[in-house]
Amino acid sequence: MTEFRERYGAWALIAGAAIGLGESFCTTLAKQGFNLFMIDNREERLIRLSGKLANDYGIQTIPFFIDLFQKDAVEQIMAKMSAIEIRLMIYVAAFSQIKKFGNYTTDDLDHYININVSTPLKLVQSFSNGLISKNQSGGILLMSSLAGLLGMQYIVPYAASKAFTWNLAESLHHELKPFKIDVMACIAGATATEAYLGTNPKYGFLKPQVQQPAKVTELALKNLGRKALFIPSFSNRLNYFILIRLLPRKMASYFANKTMEKMYSGNVTCPSVETDGKG
């Protein structure tokens, strides 16, 4: 714990902090004594959680209500945190819908681009440049998904954006290592958050192992600085090995998409939800 604090400081930034994996990251870090700069667009839940963590663990919390869809979101975030030394950044926020690709609106697609791609890309650049300019070590943890490993029907832009996150983290893991900045993507599978459970998946013969958020966040933080890409749970790592390493991609894609068809073919008009990196 002492080594972790020395490397990443006393404060952590969590984007997408109010629910699901973001809430779990906040709680895990609060238990370790980290002060929290908490970002979300759910103002009531954000304020309630920040107050609870401050009271329960005696830490400082700064709730920052902002929609990460906004084009100037990164500028607002960097300005808000300018007086605080934050050396650990965790980006959990993600936009996701269960829909046939042809039914997405232009606004839907803009949300995918801004929340899942543009905002994290710009925030990672601004955050890492700030650390480099001050010659400080730090950490950047990005939540990705097993959905990004193969093209997935019914979540087409989500899967594509999570593949982007995976590649972004892997690239920067090597480029920023000389500056003592650790970058890792946590490639989570199905996780028991309200966002994932709210999609009402229907399982067939193949059922993913649904992980608890606290276990995912604990393992992700433990492996930051050790890996470029981390898949929590043995079951998910085994599935990754079979699909990506053993099977031809065409066959792996067939099995993965048959699973998606079973899970969601009868429920492809779920309401829009801003999620937290579900698998």
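Predicted model: local features only at pLDDT ≥ 70, side-chain atom pairs only at ≥ 80, totals over all residues.

Residues are numbered from 1 along each chain as its sequence is written, and side-chain values use heavy atoms, with hydrogens and water left out.

Start with helix α2 (residues 20–31) and helix α8 (residues 213–223), whose axes come within 9 Å and cross at roughly 60°. The two are therefore oblique to each other; angles under 35 degrees count as roughly parallel, over 145 as roughly antiparallel, 65 to 115 as roughly perpendicular and the rest as oblique. Where do they touch? On the α2 side, the contact (heavy atoms within 4.5 Å) is made by Leu-21, Ser-24, Phe-25, Thr-28 and Leu-29, and on the α8 side by Pro-213, Ala-214, Val-216, Thr-217, Ala-220 and Leu-221. These residues divide into 8 nonpolar, 3 polar and no charged, where Ala, Val, Leu, Ile, Met, Phe, Trp, Tyr, Cys and Pro count as nonpolar, Asp, Glu, Lys and Arg as charged, and the others, Gly among them, as polar.

Now move to helix α6 (residues 156–175), where His-173 is found. His-173 is buried, with a relative accessible area of 10%; buried means under 20% relative accessible area, with a 1.4 Å probe and protein chains only. Other buried residues of α6 include Tyr-158, Trp-166 and Leu-172. Leaving aside neighbours within four places in sequence, His-173 is in contact with Val-183, Lys-227 and Ala-228.

How values were computed: Axes fitted to C-alpha atoms, helices over the stretch in contact; angles between N-to-C directions. Helix = DSSP H or I, 4+ residues; strand = E, 2+ residues; numbered from the N terminus. Buried < 20%, exposed > 50% of the residue type's maximum accessible area, 1.4 Å probe, protein only.
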